[in-house]
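The structure is shown first, and my entries come after it.

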Amino acid sequence: VQLQASGGGLVQAGGSLRLSCAASGRTRVVGWFRQAPGKEREFVAAIKWDSRHTRYEDSVKGRFTISRDAKNTVYLQMNSLKPEDTAVYYCAAGNGIITSSQTMAARYDYWGQGTLVTVSS
């Protein structure tokens, strides 16, 4: 499965962006991770393809929404952006991921190339 992430850019604090992750095939779980300069990659959100069950990292709850369409594309709508949201955002996908493991990057089999989100203060 190949993943193509897009939609990053420069936005002012309080603004919005929508990231897209186009997949060449369908997997059980698709997630978004981010990595800020000098920091480790961290979980942002995940969605189960069949049930559409979602999960979020605490700092983005109420601001970010993950969703998917019927054509193997997953979106991350990001509202009320903060400077601390600045990072390279990666989409990832996998099949053998149980609910308790969705936050673990090592459980994902496929990764996109990343898209940069910069939030200015």
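The entries below follow the order in which I looked things up.

**Entry 1. Ground rules**

I am working with a predicted model, in which local features need pLDDT of at least 70 and side-chain atom pairs count only at pLDDT 80 or more, while totals for chains, interfaces and linings use all residues. I number residues from 1 along each chain as its sequence is written, and side-chain values use heavy atoms, with hydrogens and water left out.

**Entry 2. The disulfide**

I asked which cysteines are joined by a disulfide. The disulfide joins C21 to C91, with an S to S distance of 2.2 Å; the cut-off is a pair of cysteine sulfur atoms within 2.5 Å. The structure holds one disulfide. I noted for reference that a disulfide is a covalent bond between the sulfur atoms of two cysteines.

I then placed the two ends. C21 lies in strand β3 (residues 17–23) and C91 in strand β9 (residues 87–94), so the pair ties together parts that are 70 residues apart in sequence. Strands are DSSP runs of E with at least two residues, numbered from the N terminus. The torsion about the S-S bond of C21 and C91 is about 70°, so this disulfide is right-handed. Both C21 and C91 are buried, where buried means under 20% relative accessible area, exposed means over 50%, and partly exposed is in between (1.4 Å probe, protein chains only).

**Entry 3. R34**

I looked up R34, which is found in strand β4 (residues 29–35). Is R34 buried or exposed? R34 counts as buried because its relative accessibility is 6%.

I next listed its polar contacts. A polar contact is a pair of N or O atoms within 3.5 Å; within protein, one must be able to donate a hydrogen and the other to accept it, and residues adjacent in sequence count only if both atoms are side-chain atoms. The R34 side chain makes a polar contact of 2.6 Å with the side chain of E42, and a polar contact of 2.9 Å with the side chain of D85. Leaving aside neighbours within four places in sequence, the residues in contact with R34 (heavy atoms within 4.5 Å) include E57, F64 and Y89.

I followed the pairing of β4 onward. Strands β4 and β5 pair in the antiparallel sense over six bridges; two strands pair if DSSP finds at least two bridges between them. In this pairing G31 stands opposite A46 in β5. The hairpin of β4 and β5 has six residues between the strands, and G38 takes a positive phi near 75° there.

Strand β5 (residues 42–48) is mostly covered, with six of its seven residues buried. Three bridges join β5 to strand β6 (residues 54–56), and the two run antiparallel. A46 stands opposite R55 in β6. The hairpin of β5 and β6 has five residues between the strands, and R52 takes a positive phi near 60° in it.

**Entry 4. Strand β11**

I recalled that in a regular strand the side chains alternate between the two faces of the sheet.

How do β2 and β11 pair, parallel or antiparallel? Strand β2 (residues 9–12) pairs with β11 in the parallel sense over four bridges, and Q12 stands opposite S120. Strand β9 runs antiparallel to β11, joined by three bridges. The bridge partner of Y89 in β11 is T115.

**Entry 5. Positive phi in two loops**

I kept in mind that most residues other than glycine have a negative phi. N72 has a positive phi of about 65° although it is not a glycine. N72 lies in the loop between β7 (64–68) and β8 (73–78), and N72 is buried, with a relative accessible area of 17%.

S80 likewise is not a glycine and has a positive phi, of about 50°. S80 sits in the loop between β8 and β9, and S80 is partly exposed at 40% relative accessible area.
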